[in-house]
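Welcome, and thanks for taking a look at this one. Here is a short briefing to read alongside the sequence and the model.

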Amino acid sequence: MALTTSTPLLMDPSIPRLKATHAGDEQEQKHRPTISEVVEEIKLLYSIALPIIAAGLLIYGKSMISMLFMGRLGKEALAGGSLSIGIANITGYSVLSGLAMGMEAISSQACGAKQWPLMGQALQRTILILLFSSIPISLLWLKIEPLLLLCGQDPTISSIASTYLSFCLPDLFFQSLINPLKIYLRTQNVTFPLTFSAAFSLALHAPINYFLIYHLGLGIKGVAMAVAIADFNLLIVLFLYVSLSGVHRKSWQGWSAECFDGWRPILSLAIPSCISVCLEWWWYELMILLSGVLFNAAEAVSTMGILLQATSLAYIFPSALSLAVSARVGNELGANRPSKAKTSCHVAVLCAIFTSFVAMLFMTTLRNAWGKVFTDDEAILSLTAAAMPVVGLCELGNCPQTTGCGALRGSARPALAVHINLGSFYGVGLPLAIVLGFVMKMGLLGLCMGLLAAQAVCAFLMIFVLSRTDWLMQAERARELIGMDEEDKTEDETIAIKTVC
């Protein structure tokens, strides 16, 4: 998996805009980092990555608790819940998350330039974009059961998935506010409320699930309602912080009619971001859907849901490293230090390779114990134990390729990362998964083998591209992209160019 966001890095106007001489370029190109420089780079990377990991673990806890309660409701509830979570991610949460990223560049650059009203306008417009987008998503969720039956899904599982999505509808509204608020705060370097709100929501999630499921007897409806309530709690904490701390006073002048105008710039950023995020999210969720049409659909879907919980946990670490290296590479290229950008990239990839072995060891060691956390069904436990080592091997490719994506984003080459992921996962992995899973009758293991092939190809291409990167050229591109060599650009043009950084 690859994740997806990086904050645009603005150059401080006080930094001298000096271009390296030809001799300096040669020295930069041949520079080899010392051990102390490597250690220092590791410290810098993880000073960024560790807080992201902490926040990721808190958010993961909510999904983990939901899966635990669904597992206790039975095999059908676990299968239907897993299917509905996959559908919600594919059709809803990935779309809202991706669209929200359209304000990331505008908000962060407006904050750096102290253009406070622009931040408030970007927040308002993004909220409206997400709310309008939630309308067709809601209609789809309400009519999802006949569509699932048309796709060959099991009727019982389809009914449970439809029920779950219907009771999750309020969460679309909450997410339409949460996603922009997170970006609004993060681009002002305000991170504590994001972590605190996630911790507060997680602390209440299990008791709320227990009350709704067992005391009120709501079953799968209770699980869905608990998810929405958890995000409502998170939203309330964020809203209270913004209101009481005064962090909004400079940038928020109240709702105005201007939020209905000037959508073109933000949509031009939001739509590509949405497509990029969706491509990354959809691959893993498609595995859930494909599992639902196997001959042993209930066991396969439940197992895939359990496996994705393991991969989601492991993914937190390379994802954080990806965001860290994106920031480090972008910062060093913007400061015209290509050798340090190169060092950061290479050190991050080495850290990712080490992380991949730890993740593989985690998957392999827990192959017989992981499934028991969610269910006691023998068929599901057997499938999980068989698939976990294969999924563990996938991590050998997943960690380096995720980190590589971050390095490409930092060097303003996100389109290249999209092409690599698209070709690897949808050009190689998906066809192979279908052939092995359905034509060769390998079932769930065949789907996992397709994932393994995709990760291997993706990691190879990513490392190959990074190893052939001309970092001096990337530094030149960075100067052009952030407008250092073109002083006469208009403000809107400069924002659009900086965004790709």
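How are α14 and α16 oriented to each other, roughly parallel or roughly antiparallel? The axes of helix α14 (residues 378-410) and helix α16 (residues 444-467) cross at roughly 25 degrees, and an angle under 35 degrees counts as roughly parallel, so α14 and α16 are roughly parallel to each other. Please keep in mind that this is a predicted model.

**The chain as a whole**

- The chain has 18 helices and zero strands.
- Of the 501 residues in the chain, 54% are buried.
- Taking the contacts between residues at least 6 apart in sequence, 84% of them join residues at least 24 apart.

**Helices α14 and α16**

- The axes of α14 and α16 come within 8 Å.
- α14 passes α16 in a left-handed crossing.
- The residues of this contact divide into 23 nonpolar and five polar, with no charged ones.

**Helices α5 and α8**

- Helix α5 (residues 116-142) packs with helix α8 (residues 169-186) at an angle of about 155 degrees, and their axes are 9 Å apart.
- An angle over 145 degrees counts as roughly antiparallel, so α5 and α8 are roughly antiparallel to each other.
- The crossing in which α5 passes α8 is right-handed.
- On the α5 side, the contact residues include Met119, Leu123, Ile127, Leu130 and Trp141; on the α8 side, they include Leu169, Phe173, Asn179, Pro180 and Tyr184.
- By class, the contact of α5 with α8 has 15 nonpolar and six polar residues, and no charged ones.

**Helices α2 and α9**

- For helix α2 (residues 35-73) and helix α9 (residues 192-215), the axes come within 8 Å and cross at roughly 10 degrees.
- With that angle, α2 and α9 are roughly parallel to each other.
- Among the residues that α2 brings to this contact are Ala55, Leu58, Lys62, Phe69 and Arg72, while α9 brings residues including Thr195, Leu202, His205, Asn209 and Tyr214.
- The contact of α2 with α9 has 13 nonpolar, five polar and two charged residues.

**Individual residues to look up**

- Lys143 is found in the loop between α5 and α6 (144-150). Its relative accessibility is 59%, so Lys143 counts as exposed.
- Lys143 and Ser162 are 19 residues apart in sequence, and their C-alpha atoms are 7.8 Å apart in space.
- Arg186 is found in helix α8 and is partly exposed, with a relative accessible area of 28%.
- Arg186 and Ser107 are 79 residues apart along the chain, and their C-alpha atoms are separated by 9.5 Å.
- Lys441 is found in the loop between α15 (414-439) and α16. Lys441 counts as exposed because its relative accessibility is 69%.

**A backbone angle to check**

- What is the phi of Lys441? Lys441 has a positive phi of about 60 degrees, although it is not a glycine.
- For context, most residues other than glycine have a negative phi.

Note on methods:
Residues are numbered from 1 along each chain as its sequence is written. This is a predicted model: local features need pLDDT of at least 70, side-chain atom pairs count only at pLDDT 80 or more; totals for chains, interfaces and linings use all residues. Side-chain values use heavy atoms; hydrogens and water are left out. Helices (H or I, at least four residues) and strands (E, at least two) are DSSP runs, numbered from the N terminus. Buried means under 20% relative accessible area, exposed over 50%, partly exposed in between (1.4 Å probe, protein chains only). Contact means heavy atoms within 4.5 Å. Axes are lines fitted to C-alpha atoms, for helices over the stretch in contact, and angles run from 0 to 180 degrees between N-to-C directions. Angles under 35 degrees count as roughly parallel, over 145 as roughly antiparallel, 65 to 115 as roughly perpendicular and the rest as oblique. A crossing is left-handed if the near helix is turned anticlockwise from the far one by less than a right angle, and right-handed if clockwise. Ala, Val, Leu, Ile, Met, Phe, Trp, Tyr, Cys and Pro count as nonpolar, Asp, Glu, Lys and Arg as charged, and the others, Gly among them, as polar.
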